[in-house]
Amino acid sequence: MSASLLDQIKDIQNNLNHLVDQFNHLNSYAQDVSVGFVDERIVLLIVFILSCFLGYFVVWRVKGSLHSPLMSMTNAISSVIILGALPFCATSVIGFFATVLCAINICGGFSMTKRMVDLFSKEFASKGVSVYDK
Amino acid sequence: MTNNINLILYTMAACCFIMSLSGLSLEKTARKGSLYGMVGMGAILALSLISLPLSHIIWIIVALAIGGAIGLSTAKRLPMTMLPELMAGFHSLIGLAAVGIAGLFLHAKSSHSIGTLLEIAVGSSIGALTFSGSVIAFLKLHGYPNLPSFNHLRLFLGATMISFIIFMLYPNLLWFCVLNGCALALGVMLILPVAGADMPVVVSMLNSYSGWATCGIGFSMANILLVMTGAFVGTSGAILSYIMCRAMNRSLCHVLFGHFYTHRVNMSSESTKDQPSSVIVEHHESRIINAKEAADLLKKSKNVMIVPGYGMAVSHAQHALVDMVKLLNHHHINVKYAIHPVAGRMPGHMNVLLAEAHVSYDDVMELEEANSQFPNIDVTIVIGANDITNPSARTDQSSPIYGMPILDVDHSRHILFIKRSMGSGYSGIDNPLFTNPKTSMLLGDGKKICEELVDALKD
């Protein structure tokens, strides 16, 4: 009785192990298939579309009075295009030139944004000297 | 594995950029927003530097130092009135960089897949278009209005498309150059015929283009950060140009391709022909006062609204104007500012100019808010503005600006116009307000008149 039960348990165990093996095999196969089938470009396209929506909703919330700093800021952050120029910077003149152009944009754009944004602070507004006080 | 880490760091940088844009939604958080942007950009630069060999890093640091010095010195010195020119210049740099990077990327490998070629072509041609368009916009903003006008837009559009297709078939550097040459010419043709008054729309459009160029390069390099950032910038520029067009009650197509509607052009040229005679008639009817009388009028009032236009910035009157406002405040007169969306040369330009003159943003109202206030206003001072107050935009269906949202200054009790001369505004349209019995005119240079008003108010 007990011997046959043990046999049965062993049998079930073997079956289970076999099933796990099969499952693992299937899983790795599925991973192979998914890696092979999802094109990198599709992922980029999805990211692009979602980013458009995100940008749309974020930018509509920006106050009208801050539209100039907004444009300056977007100009500065669009200079991340520098990532494309960096690998070529040391190897070609055009790459070096493109890096310089982007660097102008990064530094100029951010410092202009900061200059404008600082104008909108309470401290700056209260700094104005009244003629009457002179 | 490094690729995965890169992706995560890129996404974090993109989050920084989102935080910086959303920080700009309120004046209180704007400073924090600009900080987020800088942190994101700095982190990305540092990250990409450490993954490169040392000999490269030296060159990159040299390039960054040169560019950084030029950028910082330009941004620090430039007066705020020249902000639109600066923006156009910066957009042109992005466009040029995009063309260069696309060319290098094409050259780096001997063969590309058709998808990559398409992305390179789109990215670089938008970049080229942004570059030449921005240069033209810069020249126009900087005061070269008499640029030669060509009207070969269709020709160059066709040429660009044909060279695009040929480039896809024969992807070599020669056709790449031809494609970009055509795109450059197309950019010139697009921007050259646009009227000077529509420049706010053009600057925003170029902002949008520079974003899409970034996107195109991002797709060809399969770089997720470039794609995300390009999309933010592109949508932002598109929204800004839509807002500007709405404020002028014109469609984007009409602003960009308005010169194709010859019928319209004829109409507006007729109205400018009629104009000198009507101005002479008005000259006798409108009431012209001096600074002393204006000061007396202001002293008797309780609530004053100031409507500034670009003319104020041209005559550098903002500081004298703010001095005057301080004096009025001392007399316990409540003063607010009303700003029309197209008051400056680019979106939000007038707000920056006022903020530079130490005006608190709490005192500055936008269109709807200001219009609800006008019935309670005793005196409205219109300085250097004209079309944005013209009531014929509400009533006169034959007027070229009919339907444009305006500031209802005629709802206030008195109107004080500070103008250089009796001439009409940018668009050459008569303003019936000049002959309105409520209106008093102060003719002369804006800055001088404000100084005279300050002296008169001191007495």
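Trainee: Which residue is the bridge partner of Asn303(B) in β3(B)?

Mentor: That's Asn334(B). Strands here are DSSP runs of E with at least two residues, helices are runs of H or I with at least four residues, and both are numbered from the N terminus. Two strands pair if DSSP finds at least two bridges between them. In this case strand β2 (residues 303-308) and strand β3 (residues 334-338) of chain B run parallel, joined by four bridges.

Mentor: Before we go on, keep in mind that this is a predicted model, where local features need pLDDT of at least 70, side-chain atom pairs count only at pLDDT 80 or more, and totals for chains, interfaces and linings use all residues. Residues are numbered from 1 along each chain as its sequence is written, chains are lettered from A and ligands numbered from 1 in the order in which they are written, and side-chain values use heavy atoms, with hydrogens and water left out.

Trainee: What is the strand order of the open sheet in chain B?

Mentor: The order is β1-β7-β6-β5-β2-β3-β4, seven strands with parallel pairing. β1 (287-288) and β4 (364-365) of chain B are at the edges with a single partner strand each, so one side of each has no neighbour in the sheet.

Trainee: How many bridges join β5 to β6(B)?

Mentor: Five, with strand β5 (residues 379-383) of chain B running parallel to β6(B). Thr380(B) is the residue opposite Ile415(B) in β6(B). β6(B) also pairs with strand β7 (residues 439-443) of chain B, again in the parallel sense and over five bridges. There, Phe417(B) has Met441(B) of β7(B) as its bridge partner. As a general idea, in a regular strand the side chains alternate between the two faces of the sheet.

Trainee: How many residues of strand β6 in chain B are buried?

Mentor: Five of the six in residues 414-419, which leaves the strand mostly covered. Buried means under 20% relative accessible area, exposed means over 50%, and partly exposed is in between, using a 1.4 Å probe and protein chains only.

Trainee: Is Thr130(B) buried or exposed?

Mentor: Thr130(B) counts as buried because its relative accessibility is 0%. This residue sits in helix α5 (residues 114-141) of chain B.

Trainee: What about phi of His316(B)?

Mentor: The general idea is that most residues other than glycine have a negative phi. His316(B) has a positive value, near 50°. You'll find His316(B) in the loop between α13 (310-314) and α14 (318-330) of chain B, and at 47% relative accessibility it counts as partly exposed. Phi of His332(B) is positive too, near 60°. His332(B) belongs to the loop between α14 and β3 of chain B, and it is exposed, with a relative accessible area of 71%.

Trainee: Which residues line the largest cavity?

Mentor: First, the method: on a 1 Å grid over the protein atoms alone, a cavity is a set of points where a 1.4 Å probe fits but cannot get out, a pocket is an open set with protein on both sides within 12 Å along at least five of seven lines, and lining residues have an atom within 4 Å of a point. Grid points are joined across faces, edges and corners, and a volume is the space filled by probe spheres set on the points. The search finds one cavity of 30 Å³ or more, and the largest has a volume of about 40 Å³. Its lining is Ser65(A), Phe120(A), Asn351(B), Leu354(B), Ala355(B), Val359(B), Tyr361(B) and Val364(B). Helix α15 (residues 349-356) of chain B gives the largest share, three residues.
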